[in-house]
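Open the model in your viewer and keep the selection tool at hand. This tour goes from stop to stop and says what to select at each one.

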Amino acid sequence: MSIWNPEYETMPRHRLEEIQLQRLKWTLNWVYERVDWYRKKFDSIGFKPSHLRSLEDVRNLPFTTKHDLREGYPFSLFAVPLEQVVRIHSSSGTTGKPVVVGYTRGDLNTWAELVARIATAAGVQRGDVCQISFGYGLFTGGFGLHYGLERIGATVVPVSAGQSERQIQIMKDFGSTVLVCTPSYALHLAEVAEQMEVSKEDLNLRVGMFGAEPWSEGMRKEIEDRLGLQATDNYGLTEVMGPGVAGECRERNGMHINEDHFLVEVIDPETLEPVEPGEVGELVFTTLTKEAFPVIRFRTRDLTRLIPEPCACGRTFMRMEKVRGRTDDMIIVRGVNIFPSQVEAALVEIEGVEPHFQIIVDRKAHLDELEVMVEMNEKFVTDSMKKLVQFQKEVEAKLAQKLGIRAKVTLVEPRTIERTAGKAKRVIDKRQL
Ligand code: ADP
Ligand code: ZN
């Protein structure tokens, strides 16, 4: 399998660390000289960039949170004057006010390079017809993938998100070989294709590059079966760059992090101390080459673990496991922590339901109540009340087993849970906490 930039992507660890240290020093000087907010923060703990001796010393620096970045809205954390910023994006605002970020020409060049790497790792090559069904706009998904795929010389079809029937028509007529979107939208497209009586044999799909939201292994299998492609996961976030931070290789066992551009740490979100190698914790990133919008120890709120073992593909960059969810997506019901991805993992294993669902949490008489709206599969819909009740009980039992807590299951008609062309909204929390 080919590697886009073997010089860097297969670099020995010690050499990589030398580069990381050199780039980290550059970044610290860069923000100290150019961004008041970082200078004040460093000064407040008596830190000067020249104090940094080793990569581990990064742990002496303060964290940056999403809240901090929001405070800087819109441009006050930029490290270059606006005339050097050639592109602006902003986060989706899934969990609040969006964060606005900028890119210099150099940043855009790096971004395309890093997306070219993850796309190559996923198996995309020149000659592929890549249908980008991520939204184009302030969201980083569309444009991010666009320039990276162009960089490798693939044929890019910038459809953007939405108009699902048209998506299927284009997919069929243009013979798209690569589909780029969120996993939940991929599943929805599979559904629309089925309704249009377009089978996977009528399509020419080969590879899926999915990301921007958590998804389970079961969901991967389901999308693969229904669309006839190999589904790969990739991870990124606006604050750090966008897509291209990490992506799966053909081993599909963890996403290689582009470590020559991003320094990664995993911390315990409670104690803020580093976890033991290979343990689950919150990802923290420091950018190493970004010019317009560098971040220092940015707390992502995303939970996962790093995989220290080497990968069979030959890349030496560390892998991260699939993201389990965000700390702020985690719901605590009667003291039990639940991630939407756990519900998804349970549902894909049950025949007769679709992995489209919504979780509703409410508090009645001081007690948390958990309800999961589960969509039935067309073929399982029945008029028999007895069968329905029995089926509902089965789904409840399965969920209880996976979640470790009882949830009320409400079965709903096929295609009644709202579909989005972007990130699925899984949780409705009605509690006034
Ligand atoms: P927002 O935080 O407002 O959704 P972004 O569009 O920048 O803004 O989304 C980045 C976030 O999306 C990440 O922090 C992470 O929570 C989620 N995400 C991105 N890629 C993945 C992935 N492959 N798996 C799970 N979650 C992902
Ligand atoms: Zn690999």
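Helices, labelled H or I, are DSSP runs of at least four residues, numbered from the N terminus. The model you are looking at is predicted.

**Stop 1: threonine 120**

Select residues 105-122, which form helix H5, and find threonine 120 within them. Is threonine 120 buried or exposed? It is buried, because its relative accessible area is 8% and the limit for that label is under 20%. Now show what surrounds this residue. Apart from neighbours within four places in sequence, threonine 120 contacts Ser2, Ile3, Trp4, Ile152 and Arg315.

**Stop 2: the zinc ion**

Next, select ligand 2, the zinc ion. Which atoms coordinate the zinc ion? They are SG of Cys249, NE2 of His256, SG of Cys311 and SG of Cys313, at 2.1 to 2.3 Å. The angles subtended by these four donor atoms run from 101 to 115 degrees, so the arrangement is tetrahedral. For comparison, the ideal angle for four tetrahedral donors is 109.5 degrees.

Along the sequence, the donor residues follow the spacing C-x6-H-x54-C-x1-C. Pick out two of them, histidine 256 and cysteine 311. Histidine 256 is in strand E9 (residues 255-257), while cysteine 311 is in the loop between strand E13 (306-307) and strand E14 (319-320); the pair therefore ties together parts that are 55 residues apart in sequence. Histidine 256 is buried at 4% relative accessibility, and cysteine 311 is buried as well, with a relative accessible area of 12%.

**Stop 3: histidine 261**

From strand E9, move on to the loop between E9 and strand E10 (262-267), where histidine 261 lies. Histidine 261 has 9% relative accessibility and so counts as buried. Leaving out neighbours within four places in sequence, its contacts include Arg23, Thr110, Leu114 and Arg117. Thr286, Thr287, Leu288 and Thr289 are also in contact with histidine 261.

**Stop 4: ligand 1**

Finally, select ligand 1 and display the residues around it. There are 20 of them, and those that come nearest are Ser92, Thr94, Asn234, Thr238 and Asp302.

- Alanine 212: a polar backbone atom is 3.0 Å from a nitrogen atom of ligand 1.
- Glutamate 213: a polar backbone atom is 3.2 Å from a nitrogen atom of ligand 1.
- Proline 214: a backbone N or O atom is 3.4 Å from a nitrogen atom of ligand 1.

How much of the accessible area of ligand 1 does the protein cover? On its own, ligand 1 has 560 Å² of accessible area, and the protein covers 97% of that.

Notes. Residues numbered from 1 in each chain as written. Chains lettered and ligands numbered in written order. Predicted model: local features only at pLDDT ≥ 70, side-chain atom pairs only at ≥ 80, totals over all residues. Heavy atoms only, no water. Helix = DSSP H or I, 4+ residues; strand = E, 2+ residues; numbered from the N terminus. Buried < 20%, exposed > 50% of the residue type's maximum accessible area, 1.4 Å probe, protein only. Contact = heavy atoms within 4.5 Å. Donors = N, O, S within 2.8 Å, 3.2 Å for Na, K, Ca; no water. Tetrahedral: all angles 85-135°; square planar, octahedral: opposite > 155°, others 65-115°. Near = heavy atom within 4 Å. Polar contact = N/O pair within 3.5 Å; in protein donor to acceptor, adjacent residues only side chain to side chain. Areas by Shrake-Rupley, 256 points an atom, 1.4 Å probe, with all protein chains shown as cover.
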